[in-house]
Amino acid sequence: MKRIFNIGAICLTMAVAATMSSCSDEFIQDKKNYSNVSSEIYNYYSGANGRLNECYRITLPNIQAGASQMWQYNSLGMADNHSQSTEEYRNFSTFVDPQVTLNTVTGTSGAPGYFGSSWSRIREINETIEGIQGSTLSDSEKDELLGQAFFLRTWCYYLLFRYYGSIPLVTEVQNPVPESFTPRSNAQECYDFLCSELDKSAEMLKKRTVESSWSANDWGRVTTGTCLALKHRIMILWASPLFNRDNDQSRWTNAYNTIKQEIGTINACGYGLANENAPGVNGSGWAKMFLGIVNNPEAVFVSCYNKNTPDLTPDYQRNNLWEQQIRPANTLGNNGKTPTDMIVDLFPMKDGKRPATYDSYTKVEASAIAYDAEHPFMNRDPRFYRTFAFPGEYWRFTGDPNTSTSANPYTGDKYILWNYVWYNDPANFDNVMSSDHFGADNLLTSVHGMYIRKFSDDLDVNATPNYNFNTAGKNVGFRECMTSTMEIRYAEVLLNLAEAACGANQMGEAVDLLKRIRARAGYTADNNYGLPANLTGDQAACMAAILYERQIEFAYEGKRFEDMRRWLLFDGGVGLAGAGAKALTGWGGNTCTYLGFKPFVGQRRDEFVFRLQNKYNYTDGQSGRTWPFTAGDNTEKKDETNPDPILKSNMGGLTRATRDAYAVDLSETIVNKPLDEQLENLKTFYDTYLVRKKIKGDAYDSNNTPLTMSWNARYYFWGFTQGEQINNPNLPQVVGWEDYYKSGSNGTYDPLTAEPAGTTTE
């Protein structure tokens, strides 16, 4: 049977157009089905807007994508396949697993199948565009709606472009017949198309979003600034080593001149660095930036959420459960998220420079402040304290998450995270393979050594949090959080300009932009914002500093995997030629060497806990029982409030009050002491009671030998899976990936060297 290229032929059965919703739930309130409708609906603004809102709903990034990294969602910092290929999360994802090589033919270890599943969205948007174009709406109404629709389609194409290097460009609704085949455009054609579409969208939306602005009820919609910011991201991608193997300087210069010329228009849309002149205490201004909703100047491209519940409005439900997921189990959270030892140890010191013990980014100046891994909270960048939570730190909230069995002694602004652990068996004290430990304050086995705190809507930062702990409904209170997530925020706009400036040999301007980013975090001119003096004269050092800053500023925002891909940081690009792809000749043929970055291959990520010193651990097997203890327990083995060894009179001898006196309050309002003084006090507690213990993160082999990360150079551009090839037999397979139609031999299509679409066949 002859197979046909079936792009966009999947029939959508999405039920409700308005599910996307803005932060105020006002994108549309009319709960009609705007899929599979008559063309007459486009002659009414409300009907056309309803179809557009359906395009938003199926297109916007979603923080709830989960670990599987679904095809329709960009990574937003969850422990997905993308983030597990970076310093942020442990566990070998499919991309860095040394025991698995992805392929595009067999049914196991398959390459990511994002390509075939994307076209239903594109078809839906194309149908909406055609409906609006053919309607009787006014020109101004058409511009307002089409500007948004063209952007959403371009966003879909951008995701495919960065993964596959080149794609077919379908701009009309296709019928599922052989004549509908659209060839694969090469990388240059795709790049030109994306930039052109975004320019068109930006111009269409100019009157509505530059000369005017969306109302509060429509906040979160695309603006001219959103279109330009995405174009600038694409221009940086195009200039980066992934696409620019020869380091063509004209790409950097073009990106620099364009971004510099257009950033004023982005500003005119109301965007800027949130709290730029109000860094607050210990990075609180930086942290608060993530909690703004309507008219947040930082949010250039944003996904909004609501508090609707499934039993009331299932078609409108779009909850943000991040707060629930990161909170510890003893606050009715979902047990929290755990950072790796690698990312904790790489954050800058308080002088803004990298820890000298971190052996990557060697062209970034090392700090003169000694890094103490036993006390990783000492003397760190202000953003460290707002990104991670560690034993002995206030993590404040409103409401009361306690139940009769929680044994959590804190409520509201009294909550302190005490998550140190202890062991029953001395054989496990230093056994990295053992996680048979028990956490303080009834965390017991639901405990992590450190927690990811970023984006937390805690009371320390926000006096009127968007969430509220609610014991009666348990986690319902968390689902009331409507906080948005920012796919593009203004800090990226500035760092994209900084990167372009550096690539165009305008390092002085790049450094000035880094200073603005760091000033918002709390650095000052007293030490040159923590930046070394050589950056204006050393392009490689300047670029390394920009990438390091991006890693810190955007930690757990889903940006790191793409930065590593576009700068070839897994292996420096040395494996490209061996995979049959265009070789890297710019940057000395090795981006890792150029940047002073230690290649990611050959490394591993573990985790750690802070355990009680040996003398404070139980050895009688009594500490692991579930609270509360049974009535038969004798006094010697029972603690009336907690099985914590150091709270027992015959062991540590602390009370909760004396232990809590060591706790660190980032707001400095409870203890009325500066942070440095508090941290020294907490260090005393650690020295007295705790020790850092490494525990297994990434996998071991069957002989219990630690494994390290690998990377196949063909992963820089993904190939079509077997199913995608069967559905699209006329599309050439990417170089280095198995070709189903060539008995599994490697494809030969290189997006960077291919002829324009339609000029050659394979």
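Buried means under 20% relative accessible area, exposed over 50%, and partly exposed in between (1.4 Å probe, protein chains only). Helices (H or I, at least four residues) and strands (E, at least two) are DSSP runs, numbered from the N terminus. The model is predicted: local features need pLDDT of at least 70 and side-chain atom pairs count only at pLDDT 80 or more, while totals for chains, interfaces and linings use all residues. Residues are numbered from 1 along each chain as its sequence is written, and side-chain values use heavy atoms, with hydrogens and water left out.

**Exercise 1. State how many residues of helix 2 are buried, and name them.**

Step 1. The buried residues are Trp119, Ser120, Arg121, Ile122, Glu124, Ile125, Asn126, Thr128, Ile129, Gly131 and Ile132.
Step 2. These buried residues pack against helix 1 (45-59) and helix 3 (139-164).

**Exercise 2. Check the span of helix 2 against its number of residues.**

Step 1. The expected span of a helix is 1.5 Å times one less than its number of residues.
Step 2. For the 15 residues of helix 2 (residues 119-133), this gives 21 Å.
Step 3. The end C-alpha atoms of helix 2 are 21 Å apart, which agrees.

**Exercise 3. Describe how helix 2 and helix 3 cross.**

Step 1. Axes are lines fitted to C-alpha atoms, for helices over the stretch in contact (heavy atoms within 4.5 Å); angles run from 0 to 180 degrees between N-to-C directions.
Step 2. The two axes come within 10 Å and cross at roughly 160°.
Step 3. Helix 2 is therefore roughly antiparallel to helix 3, given that angles under 35 degrees count as roughly parallel, over 145 as roughly antiparallel, 65 to 115 as roughly perpendicular and the rest as oblique.
Step 4. On the helix 2 side, the contact residues include Trp119, Ile122, Ile125 and Ile129; on the helix 3 side, they include Leu145, Ala149, Phe150 and Cys156.

**Exercise 4. Locate Ala389 and list its contacts.**

Step 1. Ala389 lies in strand 2 (residues 388-389).
Step 2. Ala389 has a relative accessible area of 1% and is buried.
Step 3. Leaving aside neighbours within four places in sequence, Ala389 is in contact with Trp395, Leu417, Met450, Tyr451 and Arg453.
Step 4. Ala389 and Ile452 are 63 residues apart in sequence, and their C-alpha atoms are 6.2 Å apart in space.
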